[in-house]
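Work through the exercises below with the sequence and the coordinates at hand. Each task is followed by a solution in steps.

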Amino acid sequence: MNTSRKSGPPPIVFILLFLLISGAGYWWFFMRKPTPVSTGIGDNTTTTTTPFPPPTTVAGGTTVKIDGSTSMVTINKNLKNGFEKQFPGTKVETNGNGTDQGIKDILAGKVDIAAASRPLTAPEQSQGLKSVTITQDAIALMVGKANPFNQGLTSSQVADIFQGKINNWSAVGGPSVTIRVINRPVISGTHQIFKELVLKGANFGTTPNITTLPRDATTPLIQALGIDGIGYATWSQAANQKTARVLSIDGLAPNAGSYPYQRSLYYIYKDPANVGVKAFLGYATSPQGQQVLTLGN
């Protein structure tokens with residue numbers, strides 16, 4: 001009588017399986033790119049990446065000059081205070097003349113870092129500029145506290161308002177009063193991102209009810225809202241305003257994770273970076289810097 005015995009896989013199969021598992025383990029622990037650092041701002045996520053490590057020491061007398069986005073004025077101030085406190089003898093000079101001006105100044109050698117509320121363009125990158133993502137933010141729509149309109153808006157309504165297609169509050173559930181649209185100037189990075197995110201690349205309207213401010217600043221914008229105006233600003237500046245009220249969009253507040261108008265904020269530098277820039281950017285994206293950025297110092 002013949003008997004047959006089942007034989008297992010040949011040894012080469014086990015060898016190949018071992019090599020496959022070993023290779024996967026090596027990739028996971030040594031070759032995989034680490035997940036970017038994340039910290040919460042409301043329900044948003046902050047992603048920070050930088051080629052510069054957190055500094056351990058910074059020479060006294062080091063000065064870093066920053067200009068740019070008005071949306072980052074508070075961020076700049078908080079990081080300035082934290083950096084100078086951690087590294088005595090250093091100095092950080094900050095200004096807020098708008099994203100485009102900050103980028104012009106860095107190209108002209110007038111500042112070390114440009115704060116930007118929009119990504120770099122291809123022509124700007126071709127001039128040796130590089131960016132570091134500092135935090136996530138949102139663009140908030142605001143009305144004056146005394147404005148009788150007490151509802152939210154949809155994304156399509158916001159686009160129609162800022163393109164001049166809707167110019168009366170009654171069209172969105174408010175009183176029969178003309179909507180005064182308060183727009184930021186073209187030099188504003190927030191203006192440009194608003195055009196991209198909200199208007200989907202279309203132009204702002206030119207109807208008589210739309211006014212463009214001569215200077216990119218949030219305080220004058222809020223003062224101009226009155227009881228019938230609408231404007232926009234970075235969420236970090238709008239959140240705690242006493243004389244303005246933030247509107248929900250599509251039923252969502254600006255600190256909601258799926259809020260439609262979210263954007264990144266950047267620090268721009270000229271490559272190769274000097275010692276002060278490396279130290280400041282390394283600090284700004286470190287856990288200590290990220291904590292100071294949102295909480296102050």
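Helices (H or I, at least four residues) and strands (E, at least two) are DSSP runs, numbered from the N terminus. The model used here is predicted.

**Exercise 1.** Describe the lining of the largest pocket by element and by residue class.

*Solution.* 
Step 1. Take the size: the volume of the largest pocket is about 490 Å³.
Step 2. Take the lining: 27 residues line the largest pocket, and those nearest its centre are Val-73, Thr-74, Ile-75, Ser-236 and Gln-237.
Step 3. Assign elements: at least two lining residues come from each of helix H2 (73–86), strand S6 (129–144), helix H7 (218–225), helix H8 (235–238) and helix H10 (287–295). H2 gives the most, with four residues.
Step 4. Sort by class: the lining holds 15 polar, nine nonpolar and three charged residues.

**Exercise 2.** Classify the ring pairs Phe-162 with Phe-204 and Phe-194 with Tyr-232, and place each ring in the chain.

*Solution.* 
Step 1. Recall the cut-offs: ring centres within 6.5 Å make a pair, with planes under 30 degrees apart counted as stacked and over 60 as edge-to-face. The count by this rule is 13 aromatic pairs.
Step 2. For Phe-162 and Phe-204, the centres are 6.5 Å apart and the planes make 75 degrees, an edge-to-face pair.
Step 3. Phe-162 belongs to helix H5 (residues 155–162) and Phe-204 to the loop between helix H6 (189–197) and strand S8 (210–212), so the pair ties together parts 42 residues apart in sequence. Phe-162 and Phe-204 are both buried.
Step 4. For Phe-194 and Tyr-232, the centres are 4.1 Å apart and the planes are at 20 degrees, so this pair is stacked.
Step 5. Phe-194 sits in helix H6 and Tyr-232 in strand S9 (residues 229–234), 38 residues apart, and the pair links these distant parts of the chain. Phe-194 and Tyr-232 are buried.
Step 6. Ring pairs also join Phe-83, Phe-87, Tyr-267, Phe-280 and Tyr-283 into a cluster.

**Exercise 3.** Is His-191 buried or exposed, and which residues is His-191 in contact with beyond its neighbours within four places in sequence?

*Solution.* 
Step 1. Locate the residue: His-191 is part of helix H6.
Step 2. Apply the cut-off: buried means under 20% relative accessible area. His-191 has 7%, so His-191 is buried.
Step 3. List the contacts: leaving aside neighbours within four places, His-191 touches Asn-183, Arg-184, Pro-185, Val-186, Phe-204 and Tyr-232.

Terms used: Residues are numbered from 1 along each chain as its sequence is written. This is a predicted model: local features need pLDDT of at least 70, side-chain atom pairs count only at pLDDT 80 or more; totals for chains, interfaces and linings use all residues. Side-chain values use heavy atoms; hydrogens and water are left out. On a 1 Å grid over the protein atoms alone, a cavity is a set of points where a 1.4 Å probe fits but cannot get out, and a pocket is an open set with protein on both sides within 12 Å along at least five of seven lines; lining residues have an atom within 4 Å of a point. Grid points are joined across faces, edges and corners, and a volume is the space filled by probe spheres set on the points. Ala, Val, Leu, Ile, Met, Phe, Trp, Tyr, Cys and Pro count as nonpolar, Asp, Glu, Lys and Arg as charged, and the others, Gly among them, as polar. Rings of Phe, Tyr and Trp (its six-membered ring) pair if their centres lie within 6.5 Å; planes under 30 degrees apart count as stacked, over 60 as edge-to-face and the rest as tilted. Buried means under 20% relative accessible area, exposed over 50%, partly exposed in between (1.4 Å probe, protein chains only). Contact means heavy atoms within 4.5 Å.
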